[in-house]
Every structure is written in structure tokens, then in C-alpha cells.
Amino acid sequence: MAMVLDSKTEQEFLSTMTAASQKIGFERFLIGTQWYDDNGTPVHKIASGYPSEWQRVYAERQYIALDPTISHCQTSTEALVWTESLFENAGTLELLEEAKSHGVGFGLSVPVHEARGVVKSMISLVRDRPLTDDPRETDQLLAAGKVLASCAHFAYRGLIASEMAATSKPRLSSQESQCLRWVAMGKTSVEIGQIMSIAEPTVVFHVKHVMEKLDVKNRSQAIAVAFRLGLLA
């Protein structure tokens, strides 16, 4: 999994993620990452090892609006094992059967949400055969899947940030950068002050300067813009 984190290009990421997925018992993967632009509009980017024909069918039939794994990963941080009842309850058994016909009908989806939900990913790991009925083996697949999903999220996030870093970056001081990173991790000014051994008003001062340099009005916007500029890669 270290190779996934070391990926320098999207093609390398696709290759290492496919290999890592196969190593833990799956055959293919998909990752979709969401963040927000300066206006607060959600932006999405996807890397997929799914068969190209299935990607085409999925897009043409607009399954994205019906897929229960996506709605789950948007609002939950719990890993989700695909079951017939999941799709049946959503009224989308046709989607599942179509996925099976393309060799991607069995698997699990793992959501990874960063602090404040500014950046989140959904990682699906799939294969062409059912998951085991043995709960111990299923637990092992889930545990391995969660670790790989976290690696995939931060690796892909880094690639996206690097891609966006072509835009000129404002220069932040060392303490401004540290405060920004802790803000992105969901820490309050009081907590950041304790971590950095500085007074709370000093933290507020640095964060205010960061927002001025990024030309934003609040902390959530600061995180979104900093991510886009590669300041949080």
C-alpha cells in the first residue's frame, strides 16, 4: 500500500491501486473525490479501474442518481458491504444485476471524510464473485479495505492538489501554515493554541491573516481554497 501513497501520476495511481486491490482479495476499484470550489460549489473527480463498457452503461443510464452506495458514502463514514437487500430497498436491483454482468457486482464501498466534510472520497473495491459467508473473513476484507481506502484517498487527494497547484500560491508564514493545517483537521482555536503552545488570540490572528491572503470569509472557505492551491497537500 505504500506504493499507492508514492504514486506521482494518475496512471501510476491506477496501476498501484489495482495491484493493491487484488492483493487484498478484490479485482477492481473506483475512487470518487469531492471538494468545493471558491463559490462553495461541489467539484468531483473520479479514477476508475472498472471495465470501460460498464463505465459507459453507468453514465448513459445515469445510475449515479440511483446508486445507493453513493448516497450512503455522501452522508456516512461507515464502510458498506454490497448486498441484494441494499439495492432492493433502494429499488435498484436492475443496477446490481447489470453490474454483475460486467464483473463488478460484489464488493464494498468505504467513505473517507476529512474534518468539516470539505474533502471526502468514496472508494469501492469490487470483484466478480460473492464475498464469503464467513463473518471473520468478511471482517478481514473490511479491515484491509478501510486501510487501502485511506491510502487511496490521501494519495488521490495529493494528485488533485498537485494538479491544481499551477495557480500561484499566496505565501504563508510557518505559523500560518501550521494553524491552517490544524483548522483543516477540525481543531478549534483553543485546541490549536494548546497544540502549538501559543495563545488563542494569536491563533485567531494567524487564521485571520490566512483568510485575508486567500481572500475568503470563513474557515471552511479557507480550507477549500488552500486545498485547491495545494497548500494542504
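Trp 82 counts as buried, at 14% relative accessibility. The cut-off for that label is under 20%. The model is predicted.

**Aromatic pairs**

How many aromatic pairs does a search of the whole structure find? The search finds seven. A pair of aromatic rings is described by the distance of the centres and the angle of the planes. Two of the pairs are set out below with these values.

| Pair | Centre to centre | Angle between planes | Class |
|---|---|---|---|
| Tyr 58 and Tyr 63 | 5.8 Å | 65° | edge-to-face |
| Trp 82 and Phe 87 | 6.2 Å | 75° | edge-to-face |

Why is the pair of Trp 82 and Phe 87 edge-to-face? The planes of the two rings stand at 75°, and an angle over 60 degrees counts as edge-to-face. Tyr 58 and Tyr 63 are both buried. Elsewhere, ring pairs join Phe 13, Phe 29 and Tyr 156 into a cluster. Phe 26 has a charge over its ring: the charged end of Arg 127 sits there, 6.0 Å from the ring centre.

**Helix H3**

Tyr 58 also belongs to the buried set of helix H3, which spans residues 52-60. Trp 54 and Val 57 are the other buried residues named there. After H3 comes Gln 62, with a positive phi near 55°.

Ser 21 lies in helix H2, residues 10-23. Is Ser 21 buried or exposed? Ser 21 is buried, because its relative accessible area is 0% and the limit is under 20%. Its side chain reaches the backbone oxygen of Met 17 at 2.7 Å. Neighbours within four places in sequence aside, Ser 21 is in contact with Phe 26, Arg 28, Phe 29, Leu 125 and Leu 148. Phe 29 is part of the cluster with Phe 13 and Tyr 156. Phe 26 is the ring under the charged end of Arg 127.

Asp 215 sits in a loop, between helix H10 (200-214) and helix H11 (219-228). Asp 215 is exposed, with a relative accessible area of 69%. The cut-off for exposed is over 50%. Glu 12 and Asp 215 are 203 residues apart along the chain. Their C-alpha atoms are separated by 35 Å.

**The whole protein**

The secondary structure comes to eleven helices and five strands. The protein has 233 residues, and 47% of them are buried. Along the principal axes, the C-alpha atoms fill a box of roughly 55 × 40 × 35 Å. The accessible surface is about 12,000 Å². Carbon and sulfur atoms account for 52% of that surface. What share of contacts between residues at least 6 apart in sequence joins residues at least 24 apart? The share is 62%.

Methods. Residues are numbered from 1 along each chain as its sequence is written. This is a predicted model: local features need pLDDT of at least 70, side-chain atom pairs count only at pLDDT 80 or more; totals for chains, interfaces and linings use all residues. Side-chain values use heavy atoms; hydrogens and water are left out. Buried means under 20% relative accessible area, exposed over 50%, partly exposed in between (1.4 Å probe, protein chains only). Helices (H or I, at least four residues) and strands (E, at least two) are DSSP runs, numbered from the N terminus. Rings of Phe, Tyr and Trp (its six-membered ring) pair if their centres lie within 6.5 Å; planes under 30 degrees apart count as stacked, over 60 as edge-to-face and the rest as tilted. A charge sits over a ring if NZ of Lys or CZ of Arg is within 6 Å of the ring centre and within 35 degrees of the ring normal. Contact means heavy atoms within 4.5 Å. Accessible areas come from the Shrake-Rupley method with a 1.4 Å probe; for residues, only the protein chains shown count as cover. A polar contact is a pair of N or O atoms within 3.5 Å; within protein, one must be able to donate a hydrogen and the other to accept it, and residues adjacent in sequence count only if both atoms are side-chain atoms.
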